[in-house]
Amino acid sequence: MEKYPEVIRLPGGLNSEYMVLECSKVPGIQLKIFWKIFVSEEGVVAPVLDLLTKVPAEALDLDTKKVVDNAPNSFRKLIRVFGIEAAIDHLIKLM
């Protein structure tokens, strides 16, 4: 958050279960990254992250390639390829 204070918000403070990325280039566009951490009885830790989008209707009308609809799946692919931190960093830089 210190790295990108103009883009990132943690609505619940440091205990927040999600972060909001706000687009500095196009007002009204937000990406919300939700996370949960599961720990099995054996001690195996599995983070689960998901992405929700908030895009004005006018912008959705221009999204003929369905980029917004595919954003959650694309985010999960980024995580698998680059890891969690790098995937989030890539999204932040797009904003």
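Where is K66 found? K66 sits in the loop between α1 and α2 (67-82). This is a predicted model: local features need pLDDT of at least 70, side-chain atom pairs count only at pLDDT 80 or more, and totals for chains, interfaces and linings use all residues. Residues are numbered from 1 along each chain as its sequence is written, and side-chain values use heavy atoms, with hydrogens and water left out.

**Overall build**
- The protein has three helices and four strands. Helices (H or I, at least four residues) and strands (E, at least two) are DSSP runs, numbered from the N terminus.
- From the N terminus on, the order is β-β-β-β-α-α-α.
- The C-alpha atoms fill a box of roughly 50 × 30 × 20 Å along the principal axes.
- Of contacts between residues at least 6 apart in sequence, 35% join residues at least 24 apart. A contact means heavy atoms within 4.5 Å.

**Confidence**
- The average pLDDT is 89, and 98% of the residues score at least 70. pLDDT is the predictor's confidence in each residue, from 0 to 100.
- Among the elements, α1 has the lowest mean pLDDT (87) and α2 the highest (94).

**Surface and charge**
- Of the 95 residues, 28% count as buried. Buried means under 20% relative accessible area, exposed over 50%, and partly exposed in between (1.4 Å probe, protein chains only).
- The accessible surface comes to about 6,900 Å². Carbon and sulfur atoms account for 59% of that surface.
- The mean positions of the 12 positive and 13 negative charges are 5 Å apart. Lys and Arg count as positive and Asp and Glu as negative; His and the chain ends are not counted. Each charge is placed at NZ of Lys, CZ of Arg, CG of Asp or CD of Glu.

**The aromatic pair**
- The structure holds one aromatic pair. Rings of Phe, Tyr and Trp (its six-membered ring) pair if their centres lie within 6.5 Å; planes under 30 degrees apart count as stacked, over 60 as edge-to-face and the rest as tilted.
- Y18 and F34 form this pair, which is stacked: 4.8 Å centre to centre, with 25° between the planes.
- The pair links distant parts of the chain, with Y18 in strand β2 (residues 18-22) and F34 in strand β3 (residues 30-39), 16 residues apart.
- Y18 is partly exposed at 24% relative accessibility, and F34 is partly exposed at 29%.

- A57 lies in helix α1 (residues 57-62). A57 is partly exposed, with a relative accessible area of 48%.
- K66 has a positive phi of about 60° although it is not a glycine. Most residues other than glycine have a negative phi.
- K66 is partly exposed, at 44% relative accessibility.

Key:
Areas by Shrake-Rupley, 256 points an atom, 1.4 Å probe, with all protein chains shown as cover.
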